[in-house]
Protein chains: 4
Amino acid sequence: MQRQSDRPPIKVGILGATGTVGQRFITLLSVHPWFTIHALGASSRSAGKPYAQAVNWKQIAYMPSAVKDMVVQECVPEPFAECAIVFSGLDADVAGDIEAAFRSADLAVFSNAKNFRRDPHVPLVVPLVNPSHLSILRQQQALHSPPLEKGFIVTNANCSTTAHVIPLHALEAEFGPIDTLMVTTLQAISGAGYPGVPSLDILDNVVPYISGEEEKLEWETRKILGGISDIDSSEGGRVLQEFDMHAQTPLKISASCNRVPVTVGHMMNVSVKFSRRPPPSPQQVSEALQAYRSEAQLQGCPSAPVQTITVHDEPDRPQPRMDRAHQDGAGVNVGRVRQCPVLDIKFVVLADNVSIGAATSSIINAEVAVLKGIVAS
Amino acid sequence: MQRQSDRPPIKVGILGATGTVGQRFITLLSVHPWFTIHALGASSRSAGKPYAQAVNWKQIAYMPSAVKDMVVQECVPEPFAECAIVFSGLDADVAGDIEAAFRSADLAVFSNAKNFRRDPHVPLVVPLVNPSHLSILRQQQALHSPPLEKGFIVTNANCSTTAHVIPLHALEAEFGPIDTLMVTTLQAISGAGYPGVPSLDILDNVVPYISGEEEKLEWETRKILGGISDIDSSEGGRVLQEFDMHAQTPLKISASCNRVPVTVGHMMNVSVKFSRRPPPSPQQVSEALQAYRSEAQLQGCPSAPVQTITVHDEPDRPQPRMDRAHQDGAGVNVGRVRQCPVLDIKFVVLADNVSIGAATSSIINAEVAVLKGIVAS
Amino acid sequence: MQRQSDRPPIKVGILGATGTVGQRFITLLSVHPWFTIHALGASSRSAGKPYAQAVNWKQIAYMPSAVKDMVVQECVPEPFAECAIVFSGLDADVAGDIEAAFRSADLAVFSNAKNFRRDPHVPLVVPLVNPSHLSILRQQQALHSPPLEKGFIVTNANCSTTAHVIPLHALEAEFGPIDTLMVTTLQAISGAGYPGVPSLDILDNVVPYISGEEEKLEWETRKILGGISDIDSSEGGRVLQEFDMHAQTPLKISASCNRVPVTVGHMMNVSVKFSRRPPPSPQQVSEALQAYRSEAQLQGCPSAPVQTITVHDEPDRPQPRMDRAHQDGAGVNVGRVRQCPVLDIKFVVLADNVSIGAATSSIINAEVAVLKGIVAS
Amino acid sequence: MQRQSDRPPIKVGILGATGTVGQRFITLLSVHPWFTIHALGASSRSAGKPYAQAVNWKQIAYMPSAVKDMVVQECVPEPFAECAIVFSGLDADVAGDIEAAFRSADLAVFSNAKNFRRDPHVPLVVPLVNPSHLSILRQQQALHSPPLEKGFIVTNANCSTTAHVIPLHALEAEFGPIDTLMVTTLQAISGAGYPGVPSLDILDNVVPYISGEEEKLEWETRKILGGISDIDSSEGGRVLQEFDMHAQTPLKISASCNRVPVTVGHMMNVSVKFSRRPPPSPQQVSEALQAYRSEAQLQGCPSAPVQTITVHDEPDRPQPRMDRAHQDGAGVNVGRVRQCPVLDIKFVVLADNVSIGAATSSIINAEVAVLKGIVAS
């Protein structure tokens, strides 16, 4: 493989640059080996100001000096015209129109927003799981009116979805389809952004409800773990592709979502039933998870974790405060792999919801796209 | 019904009086309409001291003045001889021998400890669920060597077991047997006593493991929700009774237990499958839970909650900090009753683990025993 | 004294009824022995709706059934015309104009907002300290254009000010003027209302800054602990009164304010130097604090605490979680009374910021005004 | 200066290796550029076991592989005979005898324990403040019976003392003696070790008391900020040296200590009065703090922070969660530098109590000693 540090830097833009996810993009991209921040976009309230004046910086890492004086732009395509990649940390209430406009302007958008996740032509990619879904992008470009050369939208998943599909995919890769999935989440407050969860709602408390989260978890999991099928288009026999939503072996999922007073780190109690009889043993499951290598890491994505899934042997791990930060939060942690008296196997998953659960996933997706030649670099 | 306040006070003793559960017993019993605290027992380190000097008082309620000068006794039967009831808040490492000795001395023991919960002759009673199990006590007394007249041991359940069996029993009473149960708990730190959970283990953290808890939850649930069957004893054809562990319709249970940074209030995410087809609807489940009346309340136990199960309509309730304290923590809360895509129905349960989950249950058990004439009053 | 329960109920209104303080007013007033809730006012967004639909109820106590169906009014005087007392829990950004309009309509306003606290004709009354300042109300009415018969504005203090002026006043009452005061606060999140402090700002964190709080603490303390002086008005020799701001013995104050992750209960580390030499001993200070009786309690205000200041002997008390709730949060707690190596005496104060620190103070102020005949009842 | 990486590695031992501070020593020393871990000592319960089996590892950093199989030794000098430096993280109840025995065996001990801090011949060194106090070591060795060649004890300060003496020393270096100091601390739970503070004592709570802490803070500050004076020994006119405890310009100190629910990071509200009139302005104080360079850093200690004191301009900083981790917690943070209405200047200090407040200080002390030639390297 060509040494990546020899590449000329790839110019990238960030939409929603003053928000929580946008700040995370800046933190990560300011030290990225390939990408260089070229343009920052935010609401018209911020546009025209130097970034340092526009933002209420909430990252623990200090603000990178390179962006302090960058003038924030309106979220319109022109100032981003030179960007090979545009990362979007926009809020859902505006992401739809803006991201569509950027795509129409033939820009490559990697979005953390939920707006296009259910679009039949937009891949929903967890980079340690299904970068193969990027193959739908040609169709997305072809069906656009007018057809696009470079523009597209790639989405990454909800933070809690991302956490559990990584071990689930590793298990399906080794043991075949999962038939049933029960998952109960204990999600960190940072998953709700800033200001997000009022402290009076969560101190000395847990909240057994996150609006829309259970539906997202159930739906997104099927799209990500599913495949891509050819279909005969009604429009003149042209062969089209569609996401099959795990349809070949239907996947029953029940998700229950809770907010807990943890700053960072979503934890999930997962129980699965496999299609195969007999199912794998806990020992086999542990070994398969620990041995799993993501395509992103094998191909050389610099932000992909070396150890995709870290399996813990101690009975009381993983824990958010102890395990979230390893590998800069780019991998996931699994522990307590054991028999489930109702389904087959149960275990605990922990992932850093602001890293692999959000900005880091978008960035690895872009890295994969660069390596696959999908974006001009 | 006879007005209970006309009774002469019933003398009660408290074992483990300086511990967390013991302090709770004192707080509750010091204002009880029937019972009067007659003797306090603790370790030999405390024995001989006035209670106020022996204890590290950790209740929010101030120490009742009536106990401040009571001299703490060793945990031996003699000083408790006049007690019609002995409540035990002893730690498991000593509860076994001491409670057995008290029973042998013909004393009636209501224990919060786990030691005798699995004993085939000892009832495990959640007072809002299965006070009918107290009927086994005659056999417990008869089989003792020598047979006992007044002495026995009654146990109450683990705090998390108590929380969910109340709605589960209400559902079985209305809709017949439950076939499958998946439960994930978010348990408060007070469940581990004092000093209990080190703050460094739980601040900005959750711990996906509580030693022995999942086994207790699975086992105790079956004993409590099960019935009592007659068996032919091998010893000369005498008919004996045994707990059937829900054997007539086997109950599959999978429990996952987590510790969360909440002071008081265990929350559980519960999903159930009924034997009956079609299963009841969420609406029917909600109504049955809200309508459930416990035998303890109907019979007039003064510590039993008027509303056994409070069903919440708001999508984000119950929550520990908001809902634990109503009815002095003697009832349970249920919310988010909805379809489960894998089993039939899922919902959230919240209970005050130090009230109905511990001392309050022991006390209502004793109240039931008084009303049934099982203890001399 | 006339038995208060024989009074006909006094109609009261609540402005800002859907906010945090307004909800607290409703909770307290719905069970008040003298007052009956007659009208609720909120923003035009809420006006016209039944209260239960207009409010996002955030109290632990369930919503009183008496207010659920009350139709919320605009904050204009007409619907409150029959109210002998109007409590204001309005936000500062609207409280100024609305409260002034209510006063002009000859209504008696007891406000928790800060807008009029610095007005030279408006008393700033902590009811356990300086109800004598209500005497300025005649002047406030007389100077109004046109003069008022019944209308006026009374304010109560900031929640942290309220906490420490109670023991400070008790000390001045016994030992004469305080010369110097250093105070460092650890303030609960509920002091910021709802949604208030974002959880990401305070979980596993403390914030050494609360906007405007140190100035309020320094300024309000002087007004409350100071007296009322006669001055010759420049307008024709008429004798007027003014608050002397503790001017006769100037009081140096330095306040440092911190936000801490506590739901309810402001704690302060206080150090004082007295004018008198030698200063009182810690023992004398403890005794004076414990013995202090407020005029409000002595006169028979039903919401005034029986024990104004509870002095703790244990070295580690008071603590918010353990001590805030006693007497429904209407008193204050003091502990760790000891020598200060720099000033004279230092000690710790704890007060329930949402009870005596807010709504409870307004209500006791109104009770005092009723007993003094200042409001028609 | 000689490039330090060219040195042969210096063998070091760690006493109390399984405790909280010991684990921190291991984490830091396992990647130290000069030191190599040669021996680990713990109680006889752990001795003889491989470290990985003896320890309950509680660091977020994974256990360094280099120590996993090291056999834990008893805390006796023999197995440490080859160590040029012995770090002690022992608990105070055993540190006195063990550290004395190591010194008698001619070993150089750098201790985090409090036992010898008040010894008139033992320097109490905060490495960013008073490494000059190491000069007393010759006297400590000479007065030992028999006199020592290489053995000595150096202590570092209590974690809260360490936090504030750094800016205080910087101020004295620039503006001359401080006359009066008032300090109120908000201390993290990690300051109490593990298991340390029970979670039930600190969740939704603050505790206004830490046993012995205020005395330590007041006493240690004087020793560290004071100088060393010559005294005529009564024993034959020999000139001895003693710590003058800031005696030339007596320093009045009043400390109030609170425990808060923060994992790591002690925050202090500090107010000072200078001897010089007029005192420096807040601006001058800020500039002096920001400009301060420690001798340890100037001399090239690899663990010393580049920026000793980071002065924050934002009104609400520093905060524990946001600012504790910069420079690996080796520096301190100051903010809110402003006028004090009672003394001269007040400000907020934040320091990582487990880094510069504990193990990191011991290690920099040892680095200074190496650079000064006090320990053989």
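How many residue pairs are in polar contact between chain A and chain C?

Modeller: This is a predicted model. Between chain A and chain C, the count is six residue pairs in polar contact, with both residues at pLDDT 80 or more. On the side of chain A that touches chain C, the residues fall into ten nonpolar, four polar and two charged. The contact joins 16 residues of chain A to 16 residues of chain C. Together the two chains bury about 1400 Å², and carbon and sulfur atoms account for 71% of that area. Of the area that chain A buries against chain C, 42% is supplied by Ser199(A), Leu200(A) and Leu203(A), which is more than any other three residues supply.

Charged side chains also take part in this interface, where the rule finds two salt bridges. In a salt bridge between chain A and chain C, the side chain of Asp201(A) meets that of Lys58(C), with a distance of 2.9 Å from N to O.

The contact with chain B may be set beside this one. Here 47 residues of chain A are in contact with 47 residues of chain B. The area buried between chain A and chain B is about 3500 Å², and 58% of it comes from carbon and sulfur atoms. Eight salt bridges are found across this interface. A salt bridge links Arg324(B) and Asp204(A) through their side chains, at 2.9 Å from N to O. The interface of chain A and chain B also has 25 residue pairs in polar contact, both residues being at pLDDT 80 or more.

Several elements of chain A give two or more residues to the side that touches chain B, including helix H7 (199-202), helix H8 (213-225), strand S7 (178-187) and strand S10 (252-259). S10(A) gives the most to that side, with seven residues. By class, the side of chain A that touches chain B holds 25 nonpolar, ten polar and twelve charged residues.

The domain assignment divides chain A into domain 1 (4-158 + 359-371) and domain 2 (159-352). The centres of these two domains, taken over C-alpha atoms, are separated by 24 Å. Their contact draws 37 residues from domain 1 and 38 residues from domain 2. The two domains of chain A bury about 3000 Å² between them, with 60% of this on carbon and sulfur atoms.

One salt bridge is found across the interface of the two domains. The side chains of Glu220(A) and Arg117(A) meet in a salt bridge, at 2.9 Å from N to O. Between domain 1 and domain 2 of chain A there are 16 residue pairs in polar contact, with both residues at pLDDT 80 or more. On the side of domain 1 that touches domain 2, helix H1 (20-29), helix H5 (137-143) and helix H12 (355-371) of chain A each supply at least two residues. H12(A) gives the most to this side, with seven residues. The residues on this side of domain 1 comprise 18 nonpolar, twelve polar and seven charged.

Finally, an unreviewed UniProt entry annotates residues 11-137 of chain A as "domain: Semialdehyde dehydrogenase NAD-binding". Over residues 11-137 the chain is 25% helix and 18% strand, and the end C-alpha atoms are 21 Å apart.

How values were computed. Residues numbered from 1 in each chain as written. Chains lettered and ligands numbered in written order. Predicted model: local features only at pLDDT ≥ 70, side-chain atom pairs only at ≥ 80, totals over all residues. Heavy atoms only, no water. UniProt positions renumbered as here; feature names shortened; annotations may be inferred. Helix = DSSP H or I, 4+ residues; strand = E, 2+ residues; numbered from the N terminus. Contact = heavy atoms within 4.5 Å. Buried area = accessible area lost by both parts, 1.4 Å probe. Salt bridge = Lys/Arg side-chain N within 4 Å of Asp/Glu carboxyl O. Polar contact = N/O pair within 3.5 Å; in protein donor to acceptor, adjacent residues only side chain to side chain. Nonpolar A, V, L, I, M, F, W, Y, C, P; charged D, E, K, R; others polar. Domains from an automatic or database assignment.
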